[in-house]
Amino acid sequence: MADIERAARELREMDELARQGSPVHALHPLAKLAVTVAYILFTLSFGRYSIGALFPMILYPAFMFSLSGISPLDCARKLRVMLVMVCAVGLFDPLLNRQIMLSLGSLNVSYGTVSMITLMLKGVFCLSASFILAATTPIDSICGALRMIRVPDLIVRLLLLTFRYVSVMVDEVAVMTTAYKLRAPGQKGIHISAWGSFLGQLLLRSMDRAQDLYDAMLLRGFRGEFPYADMKKAGAGDAVFVLVCLLCFIFLRTVNVGDMVGGLIV
Amino acid sequence: MIRFENVSFSYEKGRPVLSDISFEIKEGEAVGLIGANGAGKSTLMKIMLGLLPAEGSVTVDGLQMSKENLREIRRKLGLVMQDSDDQMFMPTVFEDVIFGPVNYGLTREEAEKRADEVLGSLGITHLKHAYNHKLSGGEKRMAAIAAVLAMDPVYLLMDEPTSALDPANRRLIINTVRALPGAKIIASHDLDMIWDCADRVILLSGGRIAADGPADTVLRDKALLEANRMELPLGLQRR
Ligand SMILES: Nc1ncnc2c1ncn2[C@@H]1O[C@H](COP(=O)(O)OP(=O)(O)OP(=O)(O)O)[C@@H](O)[C@H]1O
Ligand SMILES: [Mg+2]
């Protein structure tokens, strides 16, 4: 299973992405965090059938991808599993609601189809925005930003450790599947009879390692604060960024740009 | 001074890993901690660092092991872990090396200066901006040592510093450790390394201290070592 090794590598690549230099990387973590949260809230607030109004929200991720130099394809590749899951959410809508909403020539589009597409778009947009935050901001800086806005220590600690734990666990899965494969040649995947012990082992091993990792942090003075995180300097640029983004979101939410453009064409 | 007085510990009830251990380690001493697999070397170090709660009394420079003193005690002790992968939790060497100093109150600039000094003294300046997961085993061990030295510990604790290293890297680590000033406590099966690096040796066996004395005496005691599943250091065999 080279898949799992690829997954381990991809996780590490996120760390590398987050340390590149670009105007987006240079923004203050708090500014990026605030804008990302605002973007997600605005995006989710669109109605089920407002596909035309929702679509222009693509501008934010599109703009941020090009500004940060991070490839949307890379994003899609890394998020493939999550994307599939998000898209699956709306899959039954077309079956449940077949009432025709509009007709484009001979093509009848039902309410269900529209709400499915709207849901998918929302999912893809929100995932992209979160990915951009994660790929341009080291996890410790995100945690530092959360602490700055007084998110409780325990929650932030959990977030950080979960992030670290996931990479430890993926590492362990890679090691264990290799060990398994070597002793079960020609077998695809892990036989179902071995799943129980495999999972048990995995949990024990990764918890042991996570404990060691957390110990290592404590031994070097970690107490749930992030003075060591690279926070950049907050500047006028950050304020402008937040302000402009918020104004754009409000504009896109209140003015139906999709219909306006549509009206111009028809 | 690190002082253990009648320290006992068990992970599971009824299976003591350490029983009634007492010893003292003075500032500046280089002590080798030896014993077979499972003798309790790593456990002893974890107790010293307050990672495991033990019976008996542990003091470091007069500070009794307790919740209030923990931070100050840990500041004096630097542990190089058995597995560098667990120790290097930040993505790059640089971030890892400044982690400790900044958490203990240095500014990033001061910490960077400290990092540069330490990396320079270990001869690994070129690794400063390397990603930890792309380092070789030897480089990773050197980086882990740098991260601990950057905290300027009074006592340096090393758990199996030469395990899983090729001969050249092993030699590099040995020479590095030898050259370090200050107190060192080194747990290892690598008796040649202990021979090179330690003045005093503590031998753990069956949860007790089986021997505690000058390296020159303990490491030459063939019968004692063999009774504890170890061999004379190679350097002493050809005679
Ligand atoms: N987390 C744990 N839970 C239960 N028992 C443990 C745990 N860790 C270690 N032990 C047991 O405690 C004993 C001492 O282990 P320890 O790791 O301290 O030995 P060691 O001298 O460091 O061995 P090695 O040379 O193999 O590193 C062993 O018998 C081990 O099985
Ligand atoms: Mg050990």
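How many residues apart in helix H6 of chain A are A:Lys78 and A:Asp74, and about how many helical turns separate them? The two lie four residues apart in H6, which spans residues 72-78, and are therefore separated by about one helical turn. The model discussed here is predicted.

The side chains of A:Lys78 and A:Asp74 form a salt bridge with an N to O distance of 3.2 Å. Both partners are buried: A:Lys78 has a relative accessible area of 15%, and A:Asp74 has one of 17%.

A:Asp74 and A:Lys78 also belong to a network of salt bridges that share partners.

## Salt bridges between distant segments

Over all chains, the structure holds 32 salt bridges. In one of them, A:Glu225 is joined to A:Arg147, with the closest N and O atoms 2.9 Å apart. This pair links distant parts of the chain, 78 residues apart: A:Glu225 is in the loop between helix H12 (195-219) and helix H13 (236-254) of chain A, whereas A:Arg147 is in helix H10 (residues 139-148) of chain A. A:Glu225 counts as partly exposed, at 37% relative accessibility.

In chain B, a salt bridge connects the side chains of B:Asp85 and B:Lys140 at 2.6 Å, N to O. B:Asp85 is located in helix H3 (residues 84-87) of chain B and B:Lys140 in helix H6 (residues 137-149) of chain B, so the pair ties together parts 55 residues apart in sequence.

## Packing of helices H3 and H9 in chain A

The axes of helix H3 (residues 29-44) and helix H9 (residues 111-136) of chain A come within 9 Å and cross at roughly 175 degrees. An angle over 145 degrees counts as roughly antiparallel, and H3(A) and H9(A) are therefore roughly antiparallel to each other.

On the H3(A) side, the contact is made by A:Lys32, A:Leu33, A:Thr36, A:Tyr39, A:Ile40, A:Thr43 and A:Leu44. H9(A) contributes A:Lys122, A:Phe125, A:Cys126, A:Ala129, A:Ser130, A:Leu133 and A:Thr136. By class, this contact has eight nonpolar, four polar and two charged residues.

## A strand hairpin in chain B

Strand S1 (residues 2-12) and strand S2 (residues 15-25) of chain B pair in the antiparallel sense over seven bridges. B:Glu12 has B:Arg15 in S2(B) as its bridge partner. The hairpin has two residues between the strands, and B:Gly14 takes a positive phi near 80 degrees in this hairpin.

How values were computed
Residues numbered from 1 in each chain as written. Chains lettered and ligands numbered in written order. Predicted model: local features only at pLDDT ≥ 70, side-chain atom pairs only at ≥ 80, totals over all residues. Heavy atoms only, no water. Axes fitted to C-alpha atoms, helices over the stretch in contact; angles between N-to-C directions. Parallel < 35°, antiparallel > 145°, perpendicular 65-115°, else oblique. Contact = heavy atoms within 4.5 Å. Nonpolar A, V, L, I, M, F, W, Y, C, P; charged D, E, K, R; others polar. Pairing = 2+ DSSP bridges. Salt bridge = Lys/Arg side-chain N within 4 Å of Asp/Glu carboxyl O. Buried < 20%, exposed > 50% of the residue type's maximum accessible area, 1.4 Å probe, protein only.
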